[in-house]
Amino acid sequence: MGDRPAEIRVHDFLEVDTGLTAEEAVQEAERCIQCKKPGCVKGCPVGIDIPAFIAAVAGRDFARAAAIIKEENLLPAICGRVCPQEVQCEGVCIMGVKEQPVGIGALERFVADWEREHAPTLPGVREPSGNRVAVVGSGPAGLAAAFELAKRGHKVTMFESLHAPGGVLMYGIPSFRLPKEVVQAEVDQLRRMGVEIRLNHLAGASVGMDELDLYDAVLVATGAGLPFFMGIPGEQLSGVYSANEFLTRVNLMHADRFPEYDTPIKRGSRVVVVGGGNVAMDSARVARRLGANVTLVYRRREEDIPARRAEVDRAREEGVEFLLCANPVRVLGDQLVTGVECVKMEMCDPDLSGRPEPVPEEGSNFTIDADILIQAIGQGPNPLLIRRLSGVSYGRKGNLVVDEAGRTSKEGYYAAGDVATGAATVILAMGGAKKAALAIDAMLRGETLDQVSEE
Amino acid sequence: MYRVEEAKPLAERVYQMWVRAPHVARHARAGQFLIVRIDERGERIPLTISAVNGDLVRMIFMAVGKTTRQLAALKEGDHILDIAGPLGRPSEIERYGTVVVVGGGVGIASTPIIAREAREAGNHVIGIIGARNADFLILEDELAGICDELYIATDDGSRGYHGFAADLLKKEVANRGIDCVWIIGPAIMMKVTSNVTRPSGIKTFVSLNPIMVDGTGMCGSCRVTVGGETRFACVDGPEFDAHQVDFDLLMQRQRYYLDEEKNSLGRYLEHTCTCGEGKHHG
């Protein structure tokens, strides 16, 4: 169990965390005290029966453990790796009060990997219902919804605008956190369940709205793919990347292997990354792997960093320097980036989010050398499809407004994941998608939602 | 996989390719583009949709870099791994009155579909096409069949007017009421030519071609400055108000990967030099 040494892993894109061996997994599972009222299940956005699968691991019945997880979650190999367990299941684990919480995420991943390698099984699929459902987007929400719908016998067609399914799992999260063959395996599973995936298809463009209307239901799961820029002077200089572009070039297009692969990227010698979320950590760590010195600039304090603690620690181990309580105000250079002018930030009274509001300290401007600036300050819903959707209501930030069940204001149209919630985590997207899928299923069967929740 | 149905050279280094891509062809409108990825290791490049026929789309491109040369080497029956589209906003075609569609070099490729739609909308359509010399002129007959009038310019006078397309446009603007203009070509040509309509404020569109990756609004690589604001050419364009576009910035950003492009092309030519692909038509 554990991470590969930083000085080795910083030169490659192989997975950092090597995972548990069977012995380690059994040992870890035995630490679970099988609470009568398990908080972990409530802490799980998709409600996996965690004590049951852990008991199966402790009893060395890994296949059964996998089956238990898969009742609620088709994508455990992904979730085991990228879920923020420390604030979900593990965050409420009773063992965590006096010692370490049970490593639920590591166990989930172990079980999923074991199953993939030893005994891949498909969940039972019901008799065809005769209903057709379109799922727009093949990211976490789309995959989770397609899984639930296919399981219930509905014919699912997924539309993906890129050339590879997986959405942010493919273009956003680097392979050293989530190997692409893991995503591929989960997608293949969906295909074997009868889900049709149409790549290179943009809903609202390659597939007209009139064509979407012909489906019995449509789930919009287009994510939050539109990168925000800071809006500071010099942002148009060559060398300023959005995190999305930087990560897409490497993760999806394999620019790290240019010229073997055709997509180029500038590796930079001094890279500055702005932001404190997981996307910022991913960008910084990719830049390190491309050989640059990397400084991550974040406007708040260490304890405010929203990225997962483990990933922050790993970024540091890999040599990413952190410049906290600072914020870029200008990109310097003529055509090409030569530096970033920053300002120190003071922490004032808490803002609406409850965190201290960072305010620029007047006259504290300073410059750091840089040839690349990567902005990882957040994303919004992609406007491409949304613009073409008539009859649905939008929120202030361009997200689709949905009710508890994921219904939009347009009949037969549902939405889930970041496009509905704003940028969030993989697992929250999956949780919302599952809810929406169940609501779609109920609607198609002519049931009310109450009947569903009682099931 | 998308089958190449017809591939042929049109002019020096300029190729025309019809590809079966029903999802693009059935919905494509004037001004839109598609993204091509030739194979597993390929990059995603944007190409304007030049014409549509049933389930087929036509792309016309100049073989300059590695990817376009590789594309030019494809023959009928070969396959392209990925084609996504139609992308971008369609041209804003209305019944303006008299419109001019100006194409420069390989940019002429984008003009027939615009000219056709403009004409169908009830406009009197004047076509102006320009190129370095007669060998680089493309689609002359096709445009003559679509436009109400067609004028030709070459830099060296080897065909048509001796001079630039901008000169011909200037003449039209001076001689009669022009209501709307499209200018499509290399960035520098669009910059210079759109200055012709600037003083009179005639509504003028240009189609921008910055570097793109996904082409769907996801990466921001294609950001351009229009009217002082950052816009994404892939979803907000590719057509913009010519008089608001910062062309110098566009050209600067287009040059960012020149070294890598040279490297990639050199490597490609080394691997393919014996098959004669590198030999130009003409």
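What share of the 455 residues of chain A count as buried? The answer is 55%, where buried means 20 or more other C-beta atoms within 10 Å of the residue's own, with 12 or fewer making a residue exposed, anything in between partly exposed, and C-beta atoms placed from the backbone.

Before you click around: this is a predicted model, in which local features need pLDDT of at least 70 and side-chain atom pairs count only at pLDDT 80 or more, while totals for chains, interfaces and linings use all residues. Residues are numbered from 1 along each chain as its sequence is written, with chains lettered from A and ligands numbered from 1 in the order in which they are written.

**Chain A, zoomed out.** Select chain A. You'll find 19 helices and 16 strands (DSSP runs numbered from the N terminus: H or I of at least four residues for helices, E of at least two for strands). The C-alpha trace spans about 65 × 55 × 50 Å along its principal axes. Chain A is as compact as a globular protein of its length, because its radius of gyration is 22 Å, close to the 23 Å that the globule rule gives for 455 residues (taken over C-alpha atoms; the rule is 2.2 Å times the number of residues to the power 0.38).

**Helix 2.** Now pick residues 22–29 of chain A. Buried here are Ala25(A), Glu28(A) and Ala29(A). They sit on the same side of helix 2 because they cover an arc of only 100° around the axis, going by the directions from the helix axis to the C-beta atoms. Show helix 4 (50–58) and helix 8 (104–118) of chain A too, as both are included in what covers those buried residues.

**Strand 7.** Go to residues 270–274 of chain A, where four of the five residues are buried. Strand 8 (293–298) runs parallel to strand 7, joined by five bridges (strands pair if DSSP finds at least two bridges between them). Arg270(A) has Asn293(A) as its bridge partner in strand 8. Trace the chain between these two strands through helix 14 (278–289): this β-α-β crossover is right-handed, meaning clockwise from first strand over helix to second with the strands pointing away from you. Strand 7 also has four bridges to strand 14 (372–375), again parallel, with Val274(A) opposite Gln375(A).

**Across to chain B.** Finally, show both chains: 36 residues of chain B are in contact with 32 of chain A (C-beta atoms, placed from the backbone, within 7 Å). On the chain B side, strand 8 (82–87) is among the elements that supply at least two residues, and strand 8 of chain B gives the most, with six.

Note on methods: Contact = placed C-beta atoms within 7 Å.
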